[in-house]
Amino acid sequence: MRQDIVFALVNKELKQIIRDFSSILIAFILPLILLFLFGFGINFDTNTVKIGVILEDKTPLTVEILDTMRHSRFLDITVFQTRKNAENTMLAGKIRGFAVVPNNFSREYLAGKNPEIQVITDGSEPNTAKFVSAYILGALETFKSINSTKSPAYSNYSNFARGKILITQRFWYNPSLKSTYFVLPGSLAIIMTMIGTVLTALVIAREWERGTMEALLTTGMSKGEFLLAKYISYFLLSMASILFCFFMIVFVFRVPFYGSFAAFMFVSALFMLGALGFGFFVSTISKDQFIASQIAGVVGFMPAMMLSGLIYEINSMPAFLRFLTLFIPARYYVSSISSLFLSGTIVRTLVLNSLFLGGFALLMFIIVYKVTPARYE
């Protein structure tokens with residue numbers, strides 16, 4: 001391996017990158033657009049839901065329950081007089097569900113029985129329906145904890161109230177339960193896959209289309225020197241893009257980062273080497289930029305989006321897809337990045353994920369070296 005030739009080729013590639021605006025566009029403008037899409041367009045939070053409440057039993061006790069629901073920051077309450085009005089309003093899409101307090105509620109409650117409150121939700125949106133049920137139950141739990149010490153009659157409502165046990169929920173790592181704290185760091189896997197595969201998929205294909213490959217073939221360089229120069233040049237560009245994305249996520253979108261920055265860069269470098277290798281593989285077997293970009297986009301982007309665990313929970317997937325995710329590098333990168341941003345530096349998680357990412361990067365380099373035409377030498 002002749003270092004002077006590699007250095008000259010790297011210098012040539014870097015100058016070409018600076019002069020070619022498309023590379024800068026892919027490395028910095030595309031991530032910026034995707035970050036804004038993920039940051040503002042994808043949100044799994046349901047902060048406030050509109051529901052209805054029907055008080056068939058109008059007593060001071062049921063009015064207190066209604067007041068407790070109204071003081072919940074998750075509920076926007078509308079009081080209805082009849083079930084029919086509530087049903088029509090829900091069918092019109094103006095509320096997501098309603099709760100019915102039956103006419104015998106206060107009597108059973110004060111008698112020490114377990115009265116029931118009916119909750120009806122719009123099941124056409126299952127995720128929102130779950131939020132409605134959870135928020136109403138949370139408001140009722142608040143009511144129980146407040147009233148458990150008021151009188152002996154109140155404390156007979158349930159075993160939790162009778163024992164005067166106060167339940168306090170505490171969420172570790174993401175106490176505010178903001179989905180953007182997980183989505184934005186995880187989106188780096190999608191963004192870096194797009195950059196690494198699409199950016200490099202166009203490289204060699206572009207060389208063939210522009211006719212510069214023939215000029216390179218006359219230089220007497222080896223294919224190892226050729227590939228190393230390409231790797232180094234686009235690796236530097238990709239790492240600069242990662243730093244740009246990290247700055248945007250932490251300082252613009254205000255996502256907390258609790259882990260080690262060195263560990264973040266190390267894991268990102270391993271993931272990027274694998275993505276670059278896959279992009280080079282695509283560009284090596286295809287001499288057309290359009291075809292290369294399409295293959296890289298579909299084969300690289302879709303598995304990273306669907307099977308990385310960013311959008312869909314891996315444990316809820318069918319067995320075959322769960323097995324398939326074991327071979328998707330983005331799964332291990334999402335796991336590492338999420339841990340670094342939300343939990344800190346968990347050495348065991350990082351080591352296991354890094355082993356796979358490093359193995360994949362090495363495998364892709366070997367494959368690219370093998371499929372690169374021998375006439376480069």
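Trainee: Does Asn 353 count as buried or exposed?

Mentor: This is a predicted model, and the reading of burial rests on relative accessible area, with buried meaning under 20%. Asn 353 has a relative accessibility of 7%, and therefore counts as buried. Its place is in helix α15, which spans residues 347-371.

Trainee: Which residues is Asn 353 in contact with, leaving aside its neighbours within four places in sequence?

Mentor: With those neighbours set aside, Asn 353 is in contact with Tyr 332, Ser 335 and Ser 336. For Ser 336 there is also a polar contact of 2.9 Å, which joins its side chain to that of Asn 353.

Trainee: How should I read Asn 85, and is it buried or partly exposed?

Mentor: Asn 85 is found in helix α4, residues 83-91, and because its relative accessibility is 39%, it counts as partly exposed. The side chain of Asn 85 makes a polar contact of 3.1 Å with the side chain of Thr 82.

Trainee: Turning to helix packing, at what angle do α2 and α8 pack?

Mentor: Helix α2 (residues 21-41) and helix α8 (residues 180-210) pack at about 155 degrees, with 9 Å between their axes. Angles over 145 degrees count as roughly antiparallel, so α2 is roughly antiparallel to α8. The crossing of these two helices, α2 and α8, is right-handed.

Trainee: Which residues of α2 and α8 meet?

Mentor: On the α2 side they include Ile 26, Leu 34, Leu 35 and Phe 38, and on the α8 side they include Val 183, Ile 191, Ile 195 and Leu 199. By class, the residues of the contact of α2 with α8 divide into 14 nonpolar, five polar and one charged.

Trainee: How far apart are the axes of α8 and α12?

Mentor: The axes of α8 and helix α12 (residues 289-306) are 8 Å apart, and the two helices pack at an angle of about 165 degrees, which means that α8 is roughly antiparallel to α12. Here the crossing, that of α8 and α12, is right-handed. Among the residues that make the contact are Met 194, Thr 197, Ala 201 and Glu 209 of α8, together with Ala 292, Ala 296, Gly 300 and Phe 301 of α12. The contact of α8 with α12 has 11 nonpolar, five polar and two charged residues.

Conventions
Residues numbered from 1 in each chain as written. Predicted model: local features only at pLDDT ≥ 70, side-chain atom pairs only at ≥ 80, totals over all residues. Heavy atoms only, no water. Axes fitted to C-alpha atoms, helices over the stretch in contact; angles between N-to-C directions. Helix = DSSP H or I, 4+ residues; strand = E, 2+ residues; numbered from the N terminus. Parallel < 35°, antiparallel > 145°, perpendicular 65-115°, else oblique. Left-handed = near helix turned anticlockwise from the far one by under 90°. Contact = heavy atoms within 4.5 Å. Nonpolar A, V, L, I, M, F, W, Y, C, P; charged D, E, K, R; others polar. Buried < 20%, exposed > 50% of the residue type's maximum accessible area, 1.4 Å probe, protein only. Polar contact = N/O pair within 3.5 Å; in protein donor to acceptor, adjacent residues only side chain to side chain.
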